[in-house]
Amino acid sequence: MDLSRRDTMTLAAAAGAATLFAPNVARAALPKLVVVGGGTGGATVARTVAAAGGVDVTLVERNPVYMTCYFSNLYLGDHWDYDRLAHNYETMKARDGVKMAMGNAASVGDGRVVMSDGTEIAYDRAVVAPGIDFKYDMYEGFDEHVAETMVPHAYKSGNQLLMLKQQLMAMREGGTVVIAAPPNPYRCPPGPYERASMMANWLSRNNPTAKVLILDPKTKHSKQGLFVEGWNRLYPGMVEWVGGEFTGGDFLAVDAQARSVTTADEEVFEADVLNFIPAQTAGRIAIDSGLTGDGDWASVDPATLESTLVPGVHVLGDACANGDMPKSGFSANSQAKACAQAVLAAMTDRRAFPPRFRNTCWSLVGDDYGIKVGASYKAGDGKIEKTEGFISQVGEDDATHAQTAAEGIGWYEAMTGEIFG
Amino acid sequence: MGVLNTVALAALCAALAISQALAGDGGEMSDMRAVLTVDGVPGDPEYGEYLVQECTACHVADGAGGVPPIDGIAPGYFRLAMIEYADGTRENAVMVSVARSLGDEELAALAAWFATQQEKQD
Ligand SMILES: Cc1cc2nc3c(=O)[nH]c(=O)nc-3n(C[C@H](O)[C@H](O)[C@H](O)COP(=O)(O)OP(=O)(O)OC[C@H]3O[C@@H](n4cnc5c(N)ncnc54)[C@H](O)[C@@H]3O)c2cc1C
């Protein structure tokens with residue numbers, strides 16, 4: 001390369017400028033950012049701001065290990081070990097200087113995070129990224145205890161995912177798995193259908209006369225034509241989807257003993273394995289801290305992800321009302337980066353850049369058989385708006401499906417590596 | 001001439017300048033300027049450092065799975081690849097979407113950022 005010496009110096013100087021904002025020992029106290037929730041969104045914000053320097057970052061998280069929901073379906077299909085979904089906070093502490101505060105946060109506001117044990121952590125600015133909680137009270141016979149012991153939703157990774165896999169493996173020959181899908185909006189729009197695919201994938205090898213029945217309150221679902229194409233090709237006759245026209249658009253009750261679910265049309269479906277995924281809200285702390293107002297999700301400024309209700313508190317990931325973006329790990333990571341630069345601009349003398357948003361959701365339908373959907377977004381008028389999107393096409397060849405599956409794995413490794421090291 | 005045509009022409013000119021720079025013979029400084037500048041204004045590496053965060057959601061140094069590494073990528077190769085994704089010569093839907101969401105200022109900023117990374121390696 002033939003850059004003149006002068007150009008080289010200019011570039012080097014410009015690169016050096018970025019590090020001018022590194023922690024300044026002379027400054028008495030750095031401004032304090034407290035992030036609640038060390039999942040995909042919260043951990044991304046914490047490490048991005050800490051790595052930039054100039055801000056004292058504390059991450060509040062109740063679990064020592066973060067199990068990703070994304071690719072948990074690959075565990076159900078026996079493609080991945082459970083441990084491959086696990087990530088911890090050691091690198092974030094050592095590499096980026098994030099301080100960890102392990103424990104459950106009860107509320108955020110007025111410059112402090114109050115922990116369930118009564119201790120308080122002061123902040124100058126806060127980020128809340130608690131993920132989702134569930135509307136258990138919509139259904140008779142279904143609550144957290146039932147989900148933990150008999151009818152897993154497995155829509156947060158952890159014990160329920162292990163239980164669902166055990167139930168799948170122990171199912172009688174020729175039995176039926178029923179997946180009751182949630183109403184919109186919910187975490188990971190293709191999630192229940194990828195789950196059906198990966199369960200069918202496992203069953204096709206181990207229990208080939210079994211069935212997977214998806215009961216849906218919705219009349220259509222994410223990547224529908226692509227999933228149906230894959231099911232017909234890979235698991236003919238095994239996966240059936242029953243849409244909202246036939247379920248009445250909702251579920252009324254779960255009978256955990258009988259493993260049955262009652263639809264709004266009062267039809268009862270019995271299962272050998274029942275995976276009931278309830279309707280969702282923002283994580284409890286967002287509701288308890290007044291961030292969701294009268295709704296289920298926290299409304300935010302689309303450019304900065306700052307709450308429109310509680311100034312100085314940003315909400316991102318699944319918990320925010322994210323406009324046109326789907327609730328996904330990719331989206332949470334993208335929103336966290338936009339939020340990080342807004343936070344840095346507000347708390348240090350760093351420049352603010354225009355926010356950028358992107359999502360891609362890869363789903364694995366079978367061995368080396370991936371499909372994808374994605375889009376670019378911008379901070380629009382009052383919400384995050386889609387600008388351009390793409391989706392896999394029906395009729396793609398094997399090589400394309402294999403490339404798409406490999407891309408998804410590449411993304412998983414890159415993003416979890418970027419966040420958790 | 002419509003706006004789109006103007007944009008296409010500008011992209012083509014840029015592509016030509018960049019492929020010349022890539023060809024390496026001469027390695028004229030003006031060609032490298034086409035890579036690192038927009039309308040004669042140098043790309044802003046600090047902006048590039050922010051923009052590259054979008055890339056690192058998928059791209060990692062050792063290029064796991066189906067995503068190639070872009071660490072230490074030559075700025076000229078980078079600009080050409082992005083032009084080819086944007087105009088459909090390269091067809092990967094994910095990268096087409098990424099490339100089409102970046103304007104000239106963003107591409108110059110990213111190229112400038114990659115150039116600073118190359119400097120560090122050299
Ligand atoms: C089956 C399934 C498949 C999926 N597949 C994909 C996929 O392929 N691609 C994709 O992009 N996304 C996928 N997702 C979606 C993805 O998992 C979520 O969208 C993503 O995790 C959202 O990130 P978040 O940071 O908002 O929340 P989370 O990742 O859930 O993180 C929230 C964190 O906050 C902590 N927390 C909550 N409240 C408190 C509190 N009060 N005190 C302390 N800590 C607290 C929790 O312990 C947790 O660690 C999938 C989801 C499921 C269920």
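Residues are numbered from 1 along each chain as its sequence is written, and chains are lettered from A and ligands numbered from 1 in the order in which they are written. In this predicted model, local features need pLDDT of at least 70 and side-chain atom pairs count only at pLDDT 80 or more, whereas totals for chains, interfaces and linings use all residues; side-chain values use heavy atoms, with hydrogens and water left out.

The shell around the ligand holds 35 residues, of which A:G41, A:E61, A:Y66, A:R187 and A:D318 come nearest; a residue is near a molecule if one of its heavy atoms lies within 4 Å of it. By type, the shell comprises 15 nonpolar, 14 polar and six charged residues. Here Ala, Val, Leu, Ile, Met, Phe, Trp, Tyr, Cys and Pro count as nonpolar, Asp, Glu, Lys and Arg as charged, and the others, Gly among them, as polar. Domain 1 (5–133 + 281–353) and domain 2 (136–278) of chain A both contribute residues to the shell, so the ligand lies between them; the domain bounds come from an automatic or database domain assignment.

A backbone N or O atom of A:F330 lies 2.9 Å from an oxygen atom of the ligand. For A:S328, a backbone N or O atom is 3.4 Å from a ligand oxygen atom, and for A:R62 a backbone N or O atom is 3.4 Å from a ligand nitrogen atom. The protein covers 96% of the 1000 Å² of accessible area that the ligand has on its own, with areas taken from the Shrake-Rupley method with a 1.4 Å probe; for residues, only the protein chains shown count as cover. Two or more residues of the shell come from each of helix 2 (40–52), strand 2 (56–61), helix 3 (72–76) and helix 11 (329–347) of chain A. Helix 11 of chain A gives the most, with three residues. Helices (H or I, at least four residues) and strands (E, at least two) are DSSP runs, numbered from the N terminus.

Over all chains, 23 aromatic pairs are found. Rings of Phe, Tyr and Trp (its six-membered ring) pair if their centres lie within 6.5 Å; planes under 30 degrees apart count as stacked, over 60 as edge-to-face and the rest as tilted. One pair, A:Y139 with A:F276, is edge-to-face, at 4.8 Å centre to centre and 85° between the planes. This pair links distant parts of the chain, 137 residues apart: A:Y139 is in the loop between strand 10 (132–134) and helix 5 (144–149) of chain A, and A:F276 is in strand 17 (residues 273–276) of chain A. A:Y139 counts as buried at 5% relative accessibility, and A:F276 is buried at 0%. Buried means under 20% relative accessible area, exposed over 50%, and partly exposed in between (1.4 Å probe, protein chains only).

The rings of A:W411 and A:Y412 have centres 6.4 Å apart and planes at 90°, so this pair is also edge-to-face. A:W411 is buried at 5% relative accessibility, as is A:Y412 at 1%. A:W411 and A:Y412 belong to one aromatic cluster together with A:Y70, A:F71, A:W80, A:F330 and A:W362. The side chain of A:Y412 makes a polar contact with the side chain of A:H87 at 2.9 Å. A polar contact is a pair of N or O atoms within 3.5 Å; within protein, one must be able to donate a hydrogen and the other to accept it, and residues adjacent in sequence count only if both atoms are side-chain atoms. A:H87 is found in strand 4 (residues 86–88) of chain A and is buried, with a relative accessible area of 13%.

Some backbone geometry in chain A is also noted. Most residues other than glycine have a negative phi, and most peptide bonds are trans. A cis peptide bond joins A:N184 and A:P185, with omega about -10°; A:P185 lies in the loop between strand 11 (176–180) and helix 7 (191–206) of chain A. A:E266, not a glycine, has a positive phi of about 60°. A:E266 sits in the loop between strand 15 (260–263) and strand 16 (268–270) of chain A and is exposed at 64% relative accessibility.

Chain B contains six helices and two strands, and buried residues make up 48% of its 122 residues.
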